[in-house]
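Please keep the sequence and the model at hand while reading.

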Amino acid sequence: MVQHTPPQREKQGTGRLQRPQATYTTEMEADMKKVTEKVKGTDSDLSEQIKAVTKDSHVRAENTELMLSYQRGHITLPQYKLLLCSLYEIYRALEEELDRNSANPGVAPIYFPQELARKEALENDLEFLLGQGWKEKITVPVATHKYVQRLRQIGKENPTLLVAHAYTRYLGDLSGGQVLGRITQKSLGLSSGEGLSFFSFPGVTSPNRFKQLYRSRMNSVELTEEEREGVLEEAVRAFEFNIQVFDDLQKMLTVTEADANWQHRQAQHSSKDGVETVKNRLTEKVQISSSDLSEQIKAVTKDSHVRAENTELMLSYQRGHITLPQYKFLLCSLYEIYRALEEELDRNSSHPGVAPIYFPQELARQETLEKDLEFLLGKNWQERIAVPAATHRYTERLRQIGKENPILLVAHAYTRYLGDLSGGQVLGRITQKSLGLSSGEGLSFFSFPGVSSPNRFKQLYRSRMNSVELTEEEREGVLEEAVRAFEFNIQVFDDLQKMLTVTEETDVRHRRTTGNGDPSTMAFQLPTSLVSSLSVTRFVLGVCIVLAVAVGIYLR
């Protein structure tokens, strides 16, 4: 086992992060009283003080719905995958910050990368469970992003606070985590041990002795009274972050299970209802109109179009009910969708079915979305991307057909791009006015500088698409995929609504436990005066309608 000699701590300022000026709530004030009492106590060991001040939070974490279910052995593979996704993002941030600050006097004594690091173990598990493209399938709730942002912030501004997070995470893994590992192996039948690397610590021969060593090293860190209080406060915050992640994951799992049931029902009836519906609509339309593919897509997606266009949400959006948080969440999902679509179109650009409708110079949206997200979220925008599970399923479908049946990309490209050139232009003006983006920054997505006349270009695009030679089976496949494209978007609407509801509830809990105004842990956060004026309905409204209009209004 690697031994470390605690370096001498240089005299320096406290370096504590400035606490928000807002008053902490009763719950946080109670925790801080416990901190004060313990600091004044006779036992000065930091490890014992952390144990004391986090006692209540520890009990709450163990009694969350997710953890209680887990302890009873009620763990499913989808649940385990989602949990590992969040753990990966958390440990990646924690360990990168520990590595970067390994020479810091407060971090060096508890820096044990050979014995404790979890990032590589989680990568092995995720590759086994999700496949080689696992990084593209990562799905995490907003609470996880907030946790990661906090770790990044203190790693830059006050590395000593990392001690609190490292202690609560690693010693938890070496204690209750080992029990969870055995439960997981038994419940999921992972007898080979693959997919369970996270729970294995080959560099730790005796967990109990190592925990004693770790506590001893942590207790050796020299801290001023104010620094000690900061670490204790951060330990409480670490537990609160974990509770929020558990709660958000549970809600995500509820959404996932509901979607799985829906997909199962769809699969059961797809050979009958899905294909037959498409064929029936197609037969009716062919009898009264042309056999152009564009007209046939219009016919078979008519019901989906009506559902999207005649909602109260769309009418509200058209009145200008769009907020900055809504817009940011929308762009995150659009970015992931267009990135997958355009990478697959690029890869299949010479395919006979794709080449006629391949217009990267005129239509590509990925780069414009990157510009908008950098403007709205900052330089590290890629670390702040938050999308629902339905968005990941949408991108997975695009990746799948890009590899297995590229002709089906025609359906997705048509519904997306022509929507952007039609209703999307209306949305651009509404968004600019509602958000006051008079400079045009943050609105690149709506701009098509390579298209001088949207109407003429849409005519050209339909003509090119209609020229694609298709067998009857291929044509039916494209029509089915067009219906599926609408269904994917409807699922995204539903998931975003639930995800955004979770976000608002999480922000309320966060303000209750950490006080208003801490920018490090509040994703897409606006001033309190503005946030308090937002209702869940309005928050969800913009996201759902922007997507609905973009894929529906092109049929006009």
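The model is a predicted one, in which local features need pLDDT of at least 70, side-chain atom pairs count only at pLDDT 80 or more, and totals for chains, interfaces and linings use all residues. Residues are numbered from 1 along each chain as its sequence is written, and side-chain values use heavy atoms, with hydrogens and water left out.

Rings of Phe, Tyr and Trp (its six-membered ring) are paired if their centres lie within 6.5 Å, and planes under 30 degrees apart count as stacked, over 60 as edge-to-face and the rest as tilted. By this rule there are 20 aromatic pairs. One of them is stacked, because the rings of Tyr 167 and Tyr 214 have centres 6.4 Å apart and planes at 20 degrees. This pair links distant parts of the chain, with Tyr 167 in helix α9 (residues 162-173) and Tyr 214 in helix α11 (residues 207-219), 47 residues apart; helices are DSSP runs of H or I with at least four residues, numbered from the N terminus. The pair of Phe 198 and Phe 199 is edge-to-face, at 5.2 Å centre to centre and 75 degrees between the planes. Phe 198 is buried at a relative accessible area of 5%, and Phe 199 is buried at 11%.

| Charge | Ring | Distance from the ring centre |
|---|---|---|
| Arg 118 | Phe 201 | 3.7 Å |
| Arg 365 | Phe 448 | 3.7 Å |

On a 1 Å grid over the protein atoms alone, a pocket is an open set of points with protein on both sides within 12 Å along at least five of seven lines, and lining residues have an atom within 4 Å of a point. The largest pocket holds about 970 Å³ of space, a volume being the space filled by probe spheres set on the points, which are joined across faces, edges and corners. Of its 32 lining residues, the closest to the centre are His 58, Thr 168, Gly 172, Gly 176 and Phe 239. Helix α9 gives the most to this lining, with six residues.

Technical notes:
Helix = DSSP H or I, 4+ residues; strand = E, 2+ residues; numbered from the N terminus. Buried < 20%, exposed > 50% of the residue type's maximum accessible area, 1.4 Å probe, protein only. Lys NZ or Arg CZ within 6 Å of the ring centre and 35° of its normal. 1 Å grid on protein atoms, 1.4 Å probe; cavity = no way out; pocket = protein on both sides within 12 Å on 5 of 7 lines; lining within 4 Å.
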